[in-house]
Amino acid sequence: KAACMMIGTLQRPNSGSSTLYPYPQGRDNLSRLLFSKFLVKGVKLMIEQQEILFRGKRVDNGEWVVGGYWCNKTATRISFYIIDDDGNSHKVIPETISQFTGRSDKDGVKIFGGDVLKGYQYPFLSDGVFNYYAEVIWFDNCPAFGIYTFKAPGGKVRGVSTGNTSYMEDWQPELWEIVGNVHDNPKLMGV
């Protein structure tokens, strides 16, 4: 089952302002959460559901697996696992672990960190040519997913938009399509 994380909005009475705070659930809470409201010491807490999923490439066969994330740390080593919907744990390559962004592309495919996207708007698409791609990244300075723009192989532009970053706010899935990821398709990145 997919692990869940609750995102809460704390709003003080008569203040008009609110702040988002993450409320991670323990490993044992693997069920889908329902929308709820709580009253905590005079602070109204509105809880929303957000699906938290991870993916990683299996060590044994190189296939991608999606599910909950678990790290097993002993005195001599650290092992990383993805637990699938059937409860099976799969040891994964640490460098390939990425989190679900909460967004999907135009085909309804879930977007994870490290995915490479083709955009159907300027500057990604211009005069019928896909000149730029976007890598899905995590912004450490302001915890959120975003995209990093880079010139697509065969792009017909000078590349002035390369290096641009933006948050994945006001997401319009019909404008994006997953074309690969940084682990399986390094040539998309010009490597």
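The protein chain exposes about 11,700 Å², of which carbon and sulfur atoms supply 52%, the areas being computed by the Shrake-Rupley method with a 1.4 Å probe and, for residues, with only the protein chains shown counting as cover. The model is a predicted one, in which local features need pLDDT of at least 70 and side-chain atom pairs count only at pLDDT 80 or more, while totals for chains, interfaces and linings use all residues. Residues are numbered from 1 along each chain as its sequence is written, and side-chain values use heavy atoms, with hydrogens and water left out.

**Overall composition**

The protein chain has zero helices and 17 strands, where helices (H or I, at least four residues) and strands (E, at least two) are DSSP runs numbered from the N terminus. Of its 191 residues, 35% are buried; buried here means under 20% relative accessible area, exposed means over 50%, and partly exposed lies in between, with a 1.4 Å probe and protein chains only. Among contacts (heavy atoms within 4.5 Å) between residues at least 6 apart in sequence, 48% join residues at least 24 apart.

**Pairing around strand 9**

Two strands count as paired if DSSP finds at least two bridges between them. Strand 9 (residues 98-104) pairs in the antiparallel sense with strand 5 (residues 54-57) over two bridges, and Gln-99 in strand 9 is the bridge partner of Phe-54. Strand 9 also pairs in the antiparallel sense, again over two bridges, with strand 10 (residues 110-112), where Lys-110 is the bridge partner of Ser-104. The hairpin of strand 9 and strand 10 has five residues between the strands, and in this hairpin Gly-108 takes a positive phi near 80 degrees.

**Nonpolar cores**

A nonpolar core is a set of buried Ala, Val, Leu, Ile, Met, Phe, Trp, Tyr and Cys residues joined through side-chain atoms within 4.5 Å. The largest such core has 11 residues, namely Ile-111, Leu-117, Phe-124, Tyr-132, Ala-134, Val-136, Phe-145, Ile-147, Met-168, Trp-171 and Trp-176. The elements that give two or more residues to this core are strand 14 (132-139) and strand 15 (144-151), and the largest share, three residues, comes from strand 14. Trp-171, a member of this core, touches Arg-103, Ser-104, Ile-111, Leu-117 and Trp-176, when residues up to four places away in sequence are not counted. Apart from this core lies another, of six residues, among them Ile-52, Val-65, Ile-82 and Val-92.

**Salt bridges**

The structure holds six salt bridges, each defined by a side-chain nitrogen of Lys or Arg within 4 Å of a carboxyl oxygen of Asp or Glu.

For the remaining pair in the table, Asp-107 counts as partly exposed at 49% relative accessibility, and Lys-106 counts as partly exposed at 38%.
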